[in-house]
Amino acid sequence: MTKIRSPIVDSLLREIATFDSAAAHERMLPAGCYTEPDFFAFEQTEVFSRTWICVGRVEQVAQPGDCFSWEVAGEPILVTRGEDGEVHALSAICRHRGEIIPCPEKGRALRCPLHFWTYDMQGRLSGAPRMGDAEAVARLRQTVRLPSLRVELWHGFIFVNLDPDAVPLGPSLAKLEPLWAGYEAAGVAALPPAMSDAPLPWNWKVQVENFTDAYHPEFVHHGTHDFAPSQMPGDGVRFTDMKPGDNAIVRSVPLKKPDGGMMKDGWGEDAAFPAIATLPPEQRARLTFAMLPPGMTMMFAPGTVAYTLIRPAGAEATYAGSDRVTYGGWLLPKSTMELPDFRDRCAAVSAGGQKIWAQDVPVNVGMQAAKRSRYLPEGIYGPLETTLQQFNVWLLEAYRRAARANR
């Protein structure tokens with residue numbers, strides 16, 4: 001059955017359909033993809049709902065009975081650790097009349113706040129007060145459960161997909177696998193980030209384009225990013241190939257000296273988090289940036305893996321959480337977490353990250369505002385913007401796949 005879309009979305013999809021591979025490498029996507037509420041609704045219902053989205057870490061549901069709330073493609077969900085020891089992703093919508101169920105205190109069942117229907121951590125109905133005699137409630141318990149969503153664990157990250165027929169996540173992130181061995185040999189664990197309590201005033205694509213752009217740090221981040229330049233004598237940014245089905249867009253840049261990292265003034269030699277001894281020399285001399293659209297970005301550094309979780313909320317509204325925006329979002333070895341001045345080191349990393357972020361905010365605001373200008377150019381990409389071109393290709397394929405699925 002053909003899905004009825006708004007004229008705005010139909011017009012943008014027709015324009016996108018004219019893009020070939022060359023166009024994706026030569027020009028930006030139409031401005032309406034960044035500004036139109038109808039197009040964002042299309043992304044939510046037809047793109048994000050078929051995409052693997054990171055919602056958190058296994059440390060957040062370490063024990064049976066643990067739970068946290070999230071939102072995927074506009075859908076409220078609960079991530080739990082069931083009595084079976086497995087991680088579950090469940091719809092948070094009560095099966096009675098549709099109230100949103102919050103996460104309970106540890107040791108309590110999932111409970112709808114409207115009529116106190118309760119569910120266990122695997123989503124099975126356990127109680128429905130005033131719904132008839134014991135036999136009637138028993139029948140409900142046999143048939144009612146919260147919808148269960150697709151879950152995959154990837155190096156301790158929890159990914160959810162609303163599409164029951166989605167292809168597996170792991171192969172789409174294969175290019176990142178060689179990076180993990182040294183970190184996992186050190187036994188890293190996460191300090192998850194806090195999410196921003198107010199949306200950032202730009203489209204989610206502006207958020208991730210800024211992250212993956214290797215051209216701007218020299219200019220926007222003068223003084224905070226100089227230690228990790230995109231260009232320096234004999235070295236510079238390296239890009240990875242983008243293959244069909246990839247869900248990771250990756251680049252790396254050199255450090256001026258090995259074992260550097262984030263400190264109170266940005267990237268520097270005197271890293272707040274000590275270098276991890278089990279990393280190979282190549283990884284102790286570079287930063288690797290990975291974008292996993294639409295919901296996550298990562299930085300592999302000598303002392304940590306830093307990550308940002310992103311939750312698109314509107315055409316010009318995006319929530320994010322990391323040491324740039326709020327606090328946390330680090331994978332660290334136990335030896336680092338046990339340092340007596342660990343909290344001071346975390347504060348230094350956050351201070352440096354937020355100095356970089358303070359430089360990014362005005363340019364992100366400007367990029368979003370420019371999308372509404374009658375003078376907005378089609379764009380000109382240079383040799384340091386390969387990852388932006390790769391992101392265009394990812395978007396085009398995601399949009400076209402969604403359009404084909406609803407014919």
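Which residues in helix 7 meet helix 11, and which residues in helix 11 do they meet? V206, Q207 and N210 in helix 7 meet W357, D360, V363, N364, M367 and Q368 in helix 11. Contact here means heavy atoms within 4.5 Å. By class, this contact has four nonpolar, four polar and one charged residues. Ala, Val, Leu, Ile, Met, Phe, Trp, Tyr, Cys and Pro count as nonpolar, Asp, Glu, Lys and Arg as charged, and the others, Gly among them, as polar.

The model is predicted: local features need pLDDT of at least 70, side-chain atom pairs count only at pLDDT 80 or more, and totals for chains, interfaces and linings use all residues. Residues are numbered from 1 along each chain as its sequence is written, and side-chain values use heavy atoms, with hydrogens and water left out.

Helices (H or I, at least four residues) and strands (E, at least two) are DSSP runs, numbered from the N terminus. Helix 7 and helix 11 (residues 342-370) pack at about 130 degrees, with axes 10 Å apart. Axes are lines fitted to C-alpha atoms, for helices over the stretch in contact, and angles run from 0 to 180 degrees between N-to-C directions. The two helices are therefore oblique to each other. Angles under 35 degrees count as roughly parallel, over 145 as roughly antiparallel, 65 to 115 as roughly perpendicular and the rest as oblique.

A second pair is formed by helix 1 (residues 7-17) and helix 12 (residues 386-405), which pack at about 125 degrees with axes 11 Å apart. This pair is also oblique. L13, I16 and A17 in helix 1 meet L396, Y399 and R400 in helix 12. The residues of this contact divide into five nonpolar, no polar and one charged.

The largest nonpolar core has 101 residues. Such a core is a set of buried Ala, Val, Leu, Ile, Met, Phe, Trp, Tyr and Cys residues joined through side-chain atoms within 4.5 Å. Buried means under 20% relative accessible area, exposed over 50%, partly exposed in between (1.4 Å probe, protein chains only). W154, F157, L292 and M298 have the most contacts inside the core. Helix 12 gives the largest share, seven residues. Apart from this core lies another, of 15 residues, including L78 and W117.

T51 lies in the loop between helix 4 (37-47) and strand 1 (53-57). T51 is buried, with a relative accessible area of 7%. Not counting residues up to four places away in sequence, T51 touches V160, N161, P293, P294 and W394.
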